[in-house]
Amino acid sequence: MDIVMPRLTDSMEEGTILAWLKQDGDSVAIGDELVEIETDKASMVYEADAEGVLKILVGEDETRPIGETIATVGEGSSETPSQNGKVPDEEASVEEPEVADKPAPETVPEPDSGNDVRVKASPLAKRIAADEGIDLKSVHGSGPNGRIVKADLTKTATRTEPVTAASAEAGAAAAKAGPSEAKKGEVETVELTRLQQLISRRMSESKATAPHFYLRTEIDMTRAVEVRTAFKEAAAKGESVPSFNDMVVKATAMALRHHPRANGTYRDGRVELYSRINVGFAVAADDSLVVPTIGDADQKDLREIAVESRRLAERVRSGEITPPELAGGTFSISNLGMFGVRGFDAVINPGQAGILAIGEIAERPVVRGGKIVPAHLMEISLSCDHRILYGADGAEFLAEIKSNLEEPGLLA
């Protein structure tokens, strides 16, 4: 049976094989973790959906479009096993003359592969270990089946890099640069990961193809602050308390019911409207941005949204998020309020009509009944694709979100 590059996210066009979790010639059972693949949204582990003997056709660090065969699972054993998922060259399969004192192939000791030794770890844990110089072989994993996750790694490890001939040459080159360049000091070139490259490409495509326009408003969150305080006081120990972001998710989902064009997309000269309301929320993880999705958010109450949003955010940060948890988003929310950002404009995710950007909640003076009084205010900005959402459509949608948040009793 052919194992093809799977479509792990809605927007995925190609995937890169980060690591084979089984060796060429290994027996594979249905459900076994088979290969770690980097997509346009995250790095994910793909599980085998067939059983048999694995034959690897595409090596690690190679990129293939969805649907292309990357391995086979069948009967028998592999004739040309690969080392660590690397596909051998054709010339390597040519038989050599028999030598009397040459050991049998199965008894040839494997070379010391150093850091390439197979260790079960999440993609995020691997990257942290690489950045911090941590040997994963010395770390005990607390994740499923002993898998190493972010929490298992100490943050105190440091990595020192020796001065090499290349770095010395780079310093010399900088010294020879012109006055303007010399004032910048040493220049460090940082390569983007494939995930970061894909995100950059898709955001560029979004800005280049979708005519963005922006609508902004200010919301009085005073009642929302009171409601959340009441939630905290009534919550049992360990119970999830809805956050302000959870309130925004619910308020937005309710408004999407009445504004179907905001819950759709423009595609190939047509407008597509989605029957389900699945709200994605941006989570920062490992120098990238991942958007897990709360399915049928309009049908969930605030406590259900609170539980699910925390679970998904934790799985993103630990690197354990799965394709179904990222798929199917029909609208997105990005919140930078926790960083003290007052307001901003977000870039629309391809395949959606808009995105809501959330700023901080801050106590500011307002005029009520001719008197200056304090209020908890929050700025929000709606980015709209003008091909599907017009000014009036976006304004009415934003006004309903505002109304829902200013009277949070409607959100239950």
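Predicted model: local features only at pLDDT ≥ 70, side-chain atom pairs only at ≥ 80, totals over all residues.
Which residues have the most contacts inside the largest nonpolar core?

Residues are numbered from 1 along each chain as its sequence is written, and side-chain values use heavy atoms, with hydrogens and water left out.

Let me begin with the chain as a whole. The secondary structure comes to 9 helices and 18 strands; these are DSSP runs numbered from the N terminus, with helices being H or I of at least four residues and strands being E of at least two. Of the 412 residues in the protein chain, 41% are buried. Buried means under 20% relative accessible area, exposed means over 50%, and partly exposed lies in between, with a 1.4 Å probe and protein chains only. The accessible surface is about 22500 Å², and carbon and sulfur atoms account for 51% of that area; such areas come from the Shrake-Rupley method with a 1.4 Å probe, and for residues only the protein chains shown count as cover. Among contacts between residues at least 6 apart in sequence, 63% join residues at least 24 apart, where contact means heavy atoms within 4.5 Å.

I return to the opening question. The largest nonpolar core has 67 residues, and Trp20, Leu356 and Leu405 are those with the most contacts inside it. Helix α6 gives the most to this core, with 8 residues. Another core, of 9 residues, lies apart from it and includes Ala121, Ile128, Ala129 and Ile134. A nonpolar core here is a set of buried Ala, Val, Leu, Ile, Met, Phe, Trp, Tyr and Cys residues joined through side-chain atoms within 4.5 Å. In soluble globular proteins, nonpolar side chains tend to be buried together. Beyond its neighbours within four places in sequence, Leu405 touches Ile219, Met221, Ala224, Met247, Val248, Ala251, Met378 and Leu411.

Next, the sheet. Six strands form an open sheet of mixed pairing, in the order β9-β18-β17-β16-β12-β15. Strands β9 (212–220) and β15 (293–294) stand at the edges with a single partner strand each, so one side of each is left without a neighbour in the sheet. Two strands pair if DSSP finds at least two bridges between them. Within this sheet, β17 (residues 354–368) and β18 (residues 371–385) run antiparallel and are joined by 13 bridges. Gly354 has Cys384 in β18 as its bridge partner, and Val367 has Ile372. The hairpin of these two strands has 2 residues between them, and Gly369 takes a positive phi near 60° there. On the other hand, β16 and β17 pair in the parallel sense over 4 bridges, with Ile333 opposite Leu356 in β17.

Helix α6 (residues 244–258) lies across β12 (279–281), β15, β16 (331–335), β17 and β18, and runs at about 155° to β16. For such angles, axes are lines fitted to C-alpha atoms, for helices over the stretch in contact, and the values run from 0 to 180 degrees between N-to-C directions.

What does Ser309 in helix α7 (residues 302–318) have around it? Ser309 is in contact with Asp246, Phe281 and Ile294, leaving aside its neighbours within four places in sequence. Ser309 counts as buried because its relative accessibility is 9%. Its side chain reaches the backbone oxygen of Ala306 at 3.1 Å.

I turn now to the earlier part of the chain. Strand β1 (residues 2–4) is joined to β8 (residues 69–74) by 3 bridges in an antiparallel arrangement, and Ile3 has Ala71 as its bridge partner in β8. Strand β6 also runs antiparallel to β8, with 4 bridges; here Lys55 stands opposite Thr72.

Ala50 sits in the loop between β5 (43–47) and β6 (52–56), and counts as buried because its relative accessibility is 7%. Not counting residues up to four places away in sequence, Ala50 touches Met1, Val28, Ala29, Ile30 and Val73. The C-alpha atoms of Ala50 and Ala29 are separated by 6.6 Å, although the two residues are 21 apart along the chain.

Finally, two loop residues. Most residues other than glycine have a negative phi, and most peptide bonds are trans. Asp61, in the loop between β6 and β7 (63–65), has a positive phi of about 70° and is partly exposed at 45% relative accessible area. Asp268, in the loop between β10 (264–267) and β11 (270–273), has a positive phi near 50° and counts as exposed at 68% relative accessibility.

Terms used: Polar contact = N/O pair within 3.5 Å; in protein donor to acceptor, adjacent residues only side chain to side chain.
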